[in-house]
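Here is a short briefing for a first look at the fold. Start with the view below, then read on.

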Amino acid sequence: MAEFTVPALRVVHAVVGTGSFTAAADLLGYTQSAISRQVAAAEAAAGMPLFVRKARGVAATRAGEAVARRAVVVLAELDAMNRDLALLSDTLAEQVRLGAFPTATWSLIPRTVAALAGEHPALAVELHEASSPALLRQVRAGGVDVAVIAVGQGLPEYDLHDLRTERLTDSGMGVVAVPLGHRLAGRSRVTVDDVAGEPWIVGAGLRGDPQFGAWPTLPQPRIAHRIRDWNARLGFVAAGLGITTVARIAVPGLPAGIAIVEVDDPAWSGRTTLTVTRPEPSQGQRVVAAALRAAATGDG
């Protein structure tokens, strides 16, 4: 008697979940013929039909539902077993405290942590979110092992002499976030004059912490609202209550309802994102810094 295979169980689970051979093929990255072969193999193992073909898609029989229900358990256990084996084979078992300024946590940090989880499952990453000056203090005090900070125009001249730094990204041309229905939303690039009269949604936080304000070279910007929380700030932008400057590194993580526009400003030299560690980082800290570099350059 034929037996169920892991690929067949994955296919049955996907077909039941999507209601279509085509959708299951897209989900699993299989061809439709491969899906059909695996379904046929599963039906041979079950000894009865698992699906009824319909005009649009397929419907699971009671047997198909039973197999899919058990497949969830079997596949979860197999995934857990693979994770256990990966932990045994991964020699990099270390905890690394990773700190980043808030907008770096929108996209760069999640991509980095996801990559590390796949490549080094025994490496535990603990996230700390803080301003760049606070992160530097924490690195020196030993509370953070690897920090992602921003330096450049409009920011303090941080003392980095006793720390190990590596450049991740240069912001180049600055960007602003505007509502989707804004007069500038359809343009990829604008000038400082284009944004000069706009109402600005700016940051508000602890004294001494860097804040995203109005465009930095505007002499007298019109401040509409000062808001500490980034989600609320962007919500105000999406609602059409003003525009705001954002870090280019945060653009992939911006919510819906917002358009990004580059600002061509010769007087703006931009900012740079750095990783910072103590002078002699551990192996795990070096791996985290390398994963940050790969994620920032699109190689991760």
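At what angle do helix H2 and helix H3 pack, and how far apart are their axes? The model is predicted. In it, H2 (residues 21–28) and H3 (residues 32–46) pack at an angle of about 105 degrees, and their axes lie 9 Å apart.

**The helix pair**
- Angles of 65 to 115 degrees count as roughly perpendicular, so H2 and H3 are roughly perpendicular to each other.
- From H2, the contact uses Phe21, Thr22, Ala24, Ala25 and Leu28.
- These residues meet Gln32, Ile35, Ser36 and Val39 of H3.
- Six residues of the contact between H2 and H3 are nonpolar, three are polar and none is charged.

**The sheet**
- Five strands form an open sheet in the order E4-E3-E5-E13-E6.
- The pairing in this sheet is mixed.
- Strand E4 (123–129) and strand E6 (164–170) are the edges, and each pairs on one side only.
- From one strand to the next, the twist averages 25 degrees.
- E6 pairs with strand E13 (residues 271–277) in the antiparallel sense, over six bridges.
- Glutamate 166 has threonine 275 in E13 as its bridge partner.

**Helices on the sheet**
- Helix H9 (residues 283–297) packs on the sheet and touches E3, E4, E5, E6 and E13.
- The direction of H9 makes about 45 degrees with that of E3.
- Helix H6 (residues 132–141) lies across strand E3 (94–100), E4, strand E5 (146–152) and E13.
- H6 runs at about 140 degrees to E5.

Notes:
Residues numbered from 1 in each chain as written. Predicted model: local features only at pLDDT ≥ 70, side-chain atom pairs only at ≥ 80, totals over all residues. Heavy atoms only, no water. Pairing = 2+ DSSP bridges. Helix = DSSP H or I, 4+ residues; strand = E, 2+ residues; numbered from the N terminus. Axes fitted to C-alpha atoms, helices over the stretch in contact; angles between N-to-C directions. Contact = heavy atoms within 4.5 Å. Parallel < 35°, antiparallel > 145°, perpendicular 65-115°, else oblique. Nonpolar A, V, L, I, M, F, W, Y, C, P; charged D, E, K, R; others polar.
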